[in-house]
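Reader: I am new to this one and would like to learn how to read it. Could you walk me through it step by step?

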There are 2 protein chains.
Amino acid sequence: MRYEQLADLPCSITRPLVVLGDRWTLLILKEAFAGVRRFNAFQGNLGIPRSRLQDRLGRLVDHGILVRRQADEGEHPEYRLTSKGHDLYPILMAIRDWGDTHMAPDGPPVRYRHRDCAGEARVALACDCCGEGMTAHDVVPEAGPGLVAHLGADLRE
Amino acid sequence: MRYEQLADLPCSITRPLVVLGDRWTLLILKEAFAGVRRFNAFQGNLGIPRSRLQDRLGRLVDHGILVRRQADEGEHPEYRLTSKGHDLYPILMAIRDWGDTHMAPDGPPVRYRHRDCAGEARVALACDCCGEGMTAHDVVPEAGPGLVAHLGADLRE
DNA sequence: CCAAGGCAGTCTCTTTTCGAGACCGACGCG
DNA sequence: CGCGTCGGTCTCGAAAAGAGACTGCCTTGG
């Protein structure tokens, strides 16, 4: 059980990764963003074993990233992104950006175009104050309120 | 072997995920960005089994994301990010952003501050043409050169 | 009414991967 | 020498993943 309890660490990279970090989860979400809603569509597009898909969809629903909606009784259920799930889009776009740069020798297989515009979607890391672009070198980590709360909780134990 | 050959699909999200999509890989990279270089430091910080770490580091080296440098003979080896590895930073920051928003009830445990500035690092999805901010709804996928090349290769088979 | 087919799930069985912890050799130091 | 540290390997039991058959429900068409 060691791995699961990484989620208790006060780190906003580690915690999501415990949910998203496995073979299939982000691929399923990629499909969801592409408009896929049905069990068999996920299964067929990805080639994921059915029991695995069942498990992963359930987990994503548990985490409030997808909702399972069965319109009418006897209707086929649909899996849709919640707004929490929708917020994952920048992660996928950051991955795509890296993929286009480093794993697409023939150029991007897909362009993610801005609707009604000549441009394409890009992720950028920038300062929310001065707006300047940033890289890892410009970043200085510093304790935040969540860490203080976490340490406080430790003391209370 | 079905899973590994997802890497052949012409999709710049799928291809990186085949490399990065597992329990530990992104956590290891997170540590690397935090300045960790030594085998035992990765192992201790993450609690990853030693044999697993060995395997993952080797894989990252094979993919040109890390380099293993052994300064002098008999010196302890170091694992450092290559520039390709360095380019993964926005992915981690996008994950962190989501983590701060949805998995940090007490506020961000760590602030990623802009050096010599009051601000913090943020990832943003924007149009590279008009500069406007974008969400998944504003994105229209469209075939790119990599897809054409891929289809051409298929025909040649 | 019956047969066929699609859909969402479930179950079973085999293979692969993971994890814990011991073990090893090289080096460093008193 | 004895002891500790570091990177790395090995073994073995446990957990997860994969393939594929099977079920139950509903629709459609004859």
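Reader: Let me begin with the secondary structure: how many helices and strands are there in chain A?

Author: Before counting, please keep in mind that this is a predicted model, where local features need pLDDT of at least 70, side-chain atom pairs count only at pLDDT 80 or more, and totals for chains, interfaces and linings use all residues. Residues are numbered from 1 along each chain as its sequence is written, chains are lettered from A and ligands numbered from 1 in the order in which they are written, and side-chain values use heavy atoms, with hydrogens and water left out. Helices (H or I, at least four residues) and strands (E, at least two) are DSSP runs, numbered from the N terminus. Chain A has 7 helices and 5 strands, in the order α-α-α-α-β-β-α-α-β-β-β-α along the sequence.

Reader: What does the radius of gyration of chain A come to, and what would a compact globule have?

Author: The radius is taken over C-alpha atoms, and the globule rule is 2.2 Å times the number of residues to the power 0.38. For 157 residues a compact globule would come out near 15 Å, while chain A has 19 Å. Along the principal axes, the C-alpha atoms of chain A fill a box of roughly 50 × 50 × 30 Å.

Reader: How should I read the interface, and what area is buried between chain B and chain A?

Author: The size of an interface is often given as the accessible area lost when the parts come together. Here the buried area (accessible area, with a 1.4 Å probe, that two parts lose on being put together, summed over both) is about 7,700 Å², and carbon and sulfur atoms give 67% of that. Ile13(B), Trp98(B) and Pro109(B) supply 9% of the area that chain B buries against chain A, more than any other three residues. Counting contacts (heavy atoms within 4.5 Å), 82 residues of chain A and 82 residues of chain B take part.

Reader: Could we zoom in on one residue: which residues does Ser12(A) contact beyond its neighbours within four places in sequence?

Author: Ser12(A) sits in the segment before α1 (14-20) of chain A. Setting those neighbours aside, its contacts are Ile95(B), Arg96(B), Gly99(B), Asp100(B), Ala104(B) and Pro109(B). Within chain A, the C-alpha atoms of Ser12(A) and Gly146(A) are 9.5 Å apart, although 134 residues separate them in sequence.

Reader: Is Ser12(A) buried or exposed?

Author: Buried means under 20% relative accessible area, exposed over 50%, and partly exposed in between (1.4 Å probe, protein chains only). Ser12(A) has 5%, so it is buried. Asp97(B), in helix α6 (residues 89-102) of chain B, counts as buried because its relative accessibility is 15%. Asp97(B) touches Arg122(B) and Val123(B), leaving out residues up to four places away in sequence.

Reader: Why is helix α2 of chain B described as largely enclosed by the rest of the structure?

Author: For α2 (residues 25-33) of chain B, 9 of the 9 residues are buried, so the helix is largely enclosed by the rest of the structure. Among them are Leu26(B), Lys30(B), Glu31(B) and Phe33(B). Just after α2(B), Gly35(B) takes a positive phi of about 100°.

Reader: Which phi does Asp116(A) have?

Author: The phi of Asp116(A) is near 60°, a positive value in a residue other than glycine. Asp116(A) lies in the loop between β3 (110-114) and β4 (121-127) of chain A, and at 77% relative accessibility it counts as exposed. In chain B, Asp116(B) has a positive phi of about 60°, and its relative accessibility of 76% makes it exposed.
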